[in-house]
Number of protein chains: 2
Amino acid sequence: VLQIRTVGIVGVGLIGASLGMALRERRLAERVIGIDVDPQALEIARQRGAIDGTGNIEQSDEIDLMVIAVPPGAVVETAVRAAAGMRAGSLLTDVASTKAAIVHELDERLPPAVRYVGGHPMAGSAGRGAAAADAGLLTGHPFLLTPTDQTDPTALQGMRELAERLGMHPVLLTPEDHDELVAQVSHVPYLVAVAAVNAAAADALPLHGPAFADVARVAGSPAELWVEICRGNRAAITRALAGFRRELDRLEHALTDETSLRAALESSGRRARALYPNEESGTGQGMN
Amino acid sequence: VLQIRTVGIVGVGLIGASLGMALRERRLAERVIGIDVDPQALEIARQRGAIDGTGNIEQSDEIDLMVIAVPPGAVVETAVRAAAGMRAGSLLTDVASTKAAIVHELDERLPPAVRYVGGHPMAGSAGRGAAAADAGLLTGHPFLLTPTDQTDPTALQGMRELAERLGMHPVLLTPEDHDELVAQVSHVPYLVAVAAVNAAAADALPLHGPAFADVARVAGSPAELWVEICRGNRAAITRALAGFRRELDRLEHALTDETSLRAALESSGRRARALYPNEESGTGQGMN
């Protein structure tokens, strides 16, 4: 059974602070310590009930589980710094959207006494930073965990339990499978949304309806975060983009062949409905 | 000033029934008559307060404004049938997502005494049919109107006023400009969402987060409606797809050039923020 008294969260942004709120509301830790280079973010996180207090990344010997929730490009260096002061047997995880490069570098560089499990909660919102954090943000979403042959089985089991106690669905994947699959359901959909928003003429934008607003919400995600994600998963993103282009080519050819067009649109409808098992209506209509 | 006593709505689906509810709640008509081939849809529309009663498309001499809210492929024949029984000077509009072909055919075929203005309210939801109708569905969205040189100026002014009284933003466009611009902010974004959903591997779908859910909601729109939209706007959709592909190519090349990548992502972020002037946070974060 998982024994976590003190959780440290490095980076109290949207995900880090939401995790802190969920841990505290669900009483999954005795104490949540926020660590951030931005004192204002820590103050907001404290006011919002995401953390009990603040700490220093160099003084981490009281931390049972350290969560590295900084932007993906800073995860490795931050994790190495944090681990240097952690006790033997303590747990370390991260929440980055790309895994293979991070996980393999941390497997090499972290002290063996600190037990690391790569993590990626598939949650988020259109909000930003600790101010937009929400204890319910994580609920019901997948918590991807990416063990390797170096991963301590007890640490992995602990992270699975923690995900479940957070109301999330733990899913175990190799770091490579993670990057390949997440490229398809997150990274490429983001890039495609960006291209759709950038391709629309300036005088087309004010005419948009709710469907384009959904696409724009995806495309409005912070640029710098996504520059780092693209850097961290370029090969898998390129492969997933090729798959997307094949589907788009098929659709475009089907514009002159209604039987094929109908089949492709019905296929996406079925797949979309499968993602909304609890919604009464299932499919959208006239999203415009 | 607009004088509308009786509104007829042919097709009490999501848009038709939502329009009926809004007209009745805002007391913009004395009587709203629902006309539909499906008696169950009429019964739901009546129960939901979208219509005062039902009517027959052949007996339309009491109708001051007839709204053709059937699927786009059926608009022309339905409008011609409805107009045959309408009084001289009465108004007729439609809500189809494609305009040039429909508007020009109706300009030719409608009796000149019936005053037609092409319309397209840019509203919708993930719901379906009269059961999902909502008086607030239209509020705050653009109501695109597509006059031609045959359009009666008083009729056009009446439709502008009606759009405003519905809490919508009337925008006047030629039918051709409508189809070109709506291809960019509605038709191509839908096709791109379909391609993204169809391109994801079956084992990637369960890993999705909220951003992919947004994309899937767009892609889950009913296939048959979109087959008709694609048929009605193929040329403009093909042009808009070419523009989308150019942006996607730029993005893909920029995966190895972070300065260009950052510029493209920041551009979409600015454009997306401009669509959410009233939201505190503006851009999304970690939409995953």
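User: What do strand 1, helix 1 and strand 2 of chain B make?

Analyst: Strand 1 (residues 6–10), helix 1 (residues 14–25) and strand 2 of chain B make a right-handed β-α-β unit, where right-handed means that, with the strands pointing away from the viewer, the path from the first strand over the helix to the second runs clockwise. Helices (H or I, at least four residues) and strands (E, at least two) are DSSP runs numbered from the N terminus. This is a predicted model, in which local features need pLDDT of at least 70 and side-chain atom pairs pLDDT 80 or more, while totals for chains, interfaces and linings use all residues. Residues count from 1 along each chain as written, chains are lettered from A and ligands numbered from 1 in written order, and side-chain values use heavy atoms without hydrogens or water.

User: OK, and where does the chain go from strand 2 of chain B?

Analyst: From strand 2 the path runs through helix 2 (residues 39–47) to strand 3 of chain B, in a β-α-β crossover that is right-handed.

User: How many bridges does strand 2 of chain B share with strand 1 of chain B, and how many with strand 3 of chain B?

Analyst: With strand 1 of chain B, strand 2 pairs in the parallel sense over five bridges, a pair being two strands with at least two DSSP bridges between them. Val7(B) has Val32(B) of strand 2 as its bridge partner. With strand 3 (residues 53–54) of chain B, strand 2 is again parallel, over two bridges, and there Ile33(B) stands opposite Gly53(B).

User: Is strand 2 of chain B mostly covered or uncovered?

Analyst: Mostly covered, since four of the five residues of strand 2 (residues 31–35) of chain B are buried, that is, under 20% relative accessible area, with exposed meaning over 50% and partly exposed in between (1.4 Å probe, protein chains only).

User: What about Arg109(B) and Glu77(B)?

Analyst: Their side chains meet in a salt bridge with an N to O distance of 2.9 Å. Because Arg109(B) belongs to helix 4 (residues 100–109) of chain B and Glu77(B) to helix 3 (residues 75–84) of chain B, the contact ties together parts 32 residues apart in sequence. Arg109(B) is partly exposed at 36%, and Glu77(B) is partly exposed at 46%.

User: And how far apart in helix 10 of chain A are Glu258(A) and Arg262(A)?

Analyst: They are four residues apart in helix 10 (residues 258–274) of chain A, which means a separation of about one helical turn, and their side chains form a salt bridge at 4.0 Å, N to O. Both Glu258(A) and Arg262(A) are partly exposed at 25% relative accessibility.

User: Which residues are linked in a network of salt bridges?

Analyst: Asp214 and Arg217 of chain A are linked with Asp214 and Arg217 of chain B in such a network.

User: Last one: how many disulfides over all chains?

Analyst: The count is zero, taking a disulfide as two cysteine sulfur atoms within 2.5 Å. Cys230(A) is buried at 1%, and Cys230(B) is buried at 1% relative accessibility.
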